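Reader: I would like to learn how to read a model feature by feature. Where do we begin?

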Amino acid sequence: KDESTTLNAVVEKGMDNNAEIKFERMSEQRPGMIPGDVIMVLKQKPHKRFRREGNDLHYDLVISLKQSLIGFETTIEHLDGHQVEISSHGRITKPFQVMHIKNEGMPYHNTPSQKGTLHVKITVNFPTKLSEEQRKFVQEYL
């Protein structure tokens with residue numbers, strides 16, 4: 001007989017790309033044979049701001065030259081909507097410096113209270129030109 005079956009899958013926190021959810025003995029049935037398994041493979045879509053590597057997340061943050069020299073404090077919205085504060089604590093930030101924020105990555109599968117690290121890569125947006133006044137200031141004070 002022909003019969004349709006609906007399979008409901010639960011995607012748990014922290015499941016990684018290519019993780020498998022198995023529905024045992026839910027495949028096609030034939031007389032005298034044990035039905036096989038149906039295996040669903042998760043495919044992770046790329047996110048516009050975050051990149052996942054295992055349980056760690058990567059984020060690119062652009063700051064101004066002024067912020068890189070005198071410090072900055074900003075917040076970003078995490079995947080689940082909570083706010084994460086990122087700060088240089090008044091220190092100089094070098095271009096392509098990476099800040100590591102523990103426990104702000106993805107939750108570990110089967111241990112959702114444990115999370116990976118959020119790695120924030122800093123890009124400094126340099127000015128394309130300086131006024132004569134700015135040029136004199138830089139020459140005199142830097």
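Predicted model: local features only at pLDDT ≥ 70, side-chain atom pairs only at ≥ 80, totals over all residues.

Reader: Which residue forms a salt bridge with Arg51?

Author: The general idea comes first. Side chains of opposite charge can pair when their charged atoms come close. Here Arg51 forms a salt bridge with Glu53. Their closest N and O atoms are 2.9 Å apart. Glu53 is partly exposed as well, with 46% relative accessibility.

Reader: How many salt bridges does the structure hold?

Author: It holds three. Another joins Glu28 to Arg30, with the closest N and O atoms 3.1 Å apart. Glu28 counts as exposed because its relative accessible area is 54%. Arg30, at 48%, is partly exposed.

Reader: Which residue forms a salt bridge with Arg52?

Author: Asp16 does, and the closest N and O atoms are 3.7 Å apart. This pair links distant parts of the chain, 36 residues apart. Arg52 sits in strand E3, residues 50-53, while Asp16 is in the segment before strand E1, residues 20-23. Arg52 is buried, with a relative accessible area of 15%. Asp16 is partly exposed at 34%.

Reader: Which residues of E3 lie on its covered face, and which on its uncovered one?

Author: Start with the rule. In a regular strand the side chains alternate between the two faces of the sheet. In E3, Phe50 and Arg52 make up the covered face. Arg51 and Glu53 make up the uncovered one.

Reader: In what sense do E3 and E4 pair?

Author: Again, the idea first. Strands of a sheet pair through backbone hydrogen bonds, either parallel or antiparallel. E3 and E4, residues 56-64, pair in the antiparallel sense over four bridges. Take Arg52 as an example: its bridge partner in E4 is Leu57. The hairpin of these strands has two residues between them, and Gly54 takes a positive phi near 65° there.

Reader: Which residues other than glycine have a positive phi?

Author: Asn18 is one of them, with phi near 70°. Asn18 belongs to the segment before E1. At 39% relative accessibility, Asn18 is partly exposed. Asn103 is another case, with phi near 65°. Asn103 lies in the loop between strands E7 (98-101) and E8 (107-108). Asn103 is partly exposed too, at 49%.

Reader: What is the strand order of the open sheet?

Author: The order is E3-E4-E10-E7, four strands with mixed pairing. E3 and E7 are the edge strands, each pairing on one side only. Neighbouring strands are turned by 30° against each other on average, direction ignored. Look at E7 and E10: they pair in the antiparallel sense over four bridges. Ile101 has Leu118 as its bridge partner in E10.

Reader: How many residues has the largest nonpolar core?

Author: It has 16. Those with the most contacts inside it are Leu61, Ile86, Leu118, Val120 and Ile122. E4, E6 (83-87), E7 and E10 (118-125) each supply at least two residues of this core. A second, separate core has five residues, including Met15, Ala19, Ile21 and Phe23.

Reader: Which residues does Ile86 touch?

Author: Leave out residues up to four places away in sequence. Ile86 then touches Leu61, Phe72, Glu73, Thr74, Ile76, Met99, Ile101 and Val120.

Reader: How many aromatic pairs are there?

Author: The count comes to two. In one, the rings of Phe50 and Tyr59 have their centres 5.2 Å apart. Their planes stand at 45°, so the pair is tilted. Both Phe50 and Tyr59 are buried.

Reader: What are the distance and angle for Phe137 and Tyr141?

Author: The centres are 4.7 Å apart and the planes are at 40°, a tilted pair. Both residues lie in helix H2, residues 132-141. They are four residues apart, about one turn of the helix. Tyr141 is exposed because its relative accessible area is 54%, and the exposed class begins over 50%.

Conventions: Residues numbered from 1 in each chain as written. Heavy atoms only, no water. Salt bridge = Lys/Arg side-chain N within 4 Å of Asp/Glu carboxyl O. Buried < 20%, exposed > 50% of the residue type's maximum accessible area, 1.4 Å probe, protein only. Pairing = 2+ DSSP bridges. Phe/Tyr/Trp six-rings, centres within 6.5 Å; stacked < 30°, edge-to-face > 60°. Core = buried A, V, L, I, M, F, W, Y, C linked by side-chain atoms within 4.5 Å. Contact = heavy atoms within 4.5 Å. Axes fitted to C-alpha atoms, helices over the stretch in contact; angles between N-to-C directions.
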